[in-house]
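Please look at the sequence and the model first, and then read on.

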Amino acid sequence: MADIIREAIEREQQRLLRRPDVLHRCGISNSTLHRLINAGDFPAPIQLSPRAVAWIESEINEWIEQRIEASRAGEGQ
């Protein structure tokens, strides 16, 4: 049920997050962010202008959820 509600909310509005918000929400450094993007392990930003990029909030939320699930899956081992 929670997944259905979350998906409905995400479809209604897509927010863009700038770098400081992404770093804060994910708890990673700027260099780690770049390393993860280059390795294909983090959502790539979208270009807003020649000097500005942002990330799609729903993709960041999904990445965070995947990290939580992977962490919890390892607890039983």
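## A surface patch

Ile46 counts as partly exposed, because its relative accessibility is 32%, where buried means under 20% relative accessible area, exposed over 50%, and partly exposed in between (1.4 Å probe, protein chains only). Ile46 is found in strand β2, residues 46-49, and helices (H or I, at least four residues) and strands (E, at least two) are here DSSP runs, numbered from the N terminus. Together with Leu16 and Leu48, Ile46 makes a nonpolar surface patch of about 230 Å². Patches are made of residues with over 30% relative accessible area and no salt bridge, with like charges joined within 9 Å and nonpolar side chains (Val, Leu, Ile, Met, Phe, Trp, Tyr) within 5 Å; the accessible areas come from the Shrake-Rupley method with a 1.4 Å probe, and for residues only the protein chains shown count as cover.

The model is predicted, so local features need pLDDT of at least 70 and side-chain atom pairs count only at pLDDT 80 or more, while totals for chains, interfaces and linings use all residues. Residues are numbered from 1 along each chain as its sequence is written, and side-chain values use heavy atoms, with hydrogens and water left out.

In helix α2, which spans residues 19-26, the residues Val22, Leu23 and Cys26 are buried. They lie on the same side of α2, because they cover an arc of only 95 degrees around the axis, the arc being that of the directions from the helix axis to the C-beta atoms. An α-helix has 3.6 residues a turn, so residues three or four places apart point the same way.

The face of α2 turned away from this buried side carries the exposed residues Pro20 and His24. The cover over the buried residues of α2 includes β1 (16-17), α3 (30-38), β3 (52-56) and α4 (57-73). After α2 comes Gly27, whose phi is positive, near 65 degrees.

## The nonpolar core

The largest nonpolar core has 12 residues, among them Val22, Leu23, Cys26, Phe42, Trp55 and Trp63; such a core is a set of buried Ala, Val, Leu, Ile, Met, Phe, Trp, Tyr and Cys residues joined through side-chain atoms within 4.5 Å. At least two residues of this core are supplied by each of α2, α3, β3 and α4, and α2 gives the most, with 3 residues.

Leaving aside its neighbours within four places in sequence, Phe42 is in contact (heavy atoms within 4.5 Å) with residues including Val22, Cys26, Leu33, Trp55 and Trp63.

How many salt bridges are counted? The count comes to 2, where a salt bridge is a side-chain nitrogen of Lys or Arg within 4 Å of a carboxyl oxygen of Asp or Glu. The side chains of Glu57 and Arg15 meet in one of them, at 3.7 Å from N to O. Glu57 lies in helix α4 and Arg15 in the loop between α1 (2-12) and β1, so this pair ties together parts that are 42 residues apart in sequence.

Glu57 also meets Arg25 in a salt bridge, at 2.9 Å from N to O. Because Arg25 lies in helix α2 and Glu57 in helix α4, this pair ties together parts that are 32 residues apart in sequence. Glu57 counts as buried, at 16% relative accessibility, whereas Arg15 is partly exposed, with a relative accessible area of 41%, and Arg25 is partly exposed at 34%.
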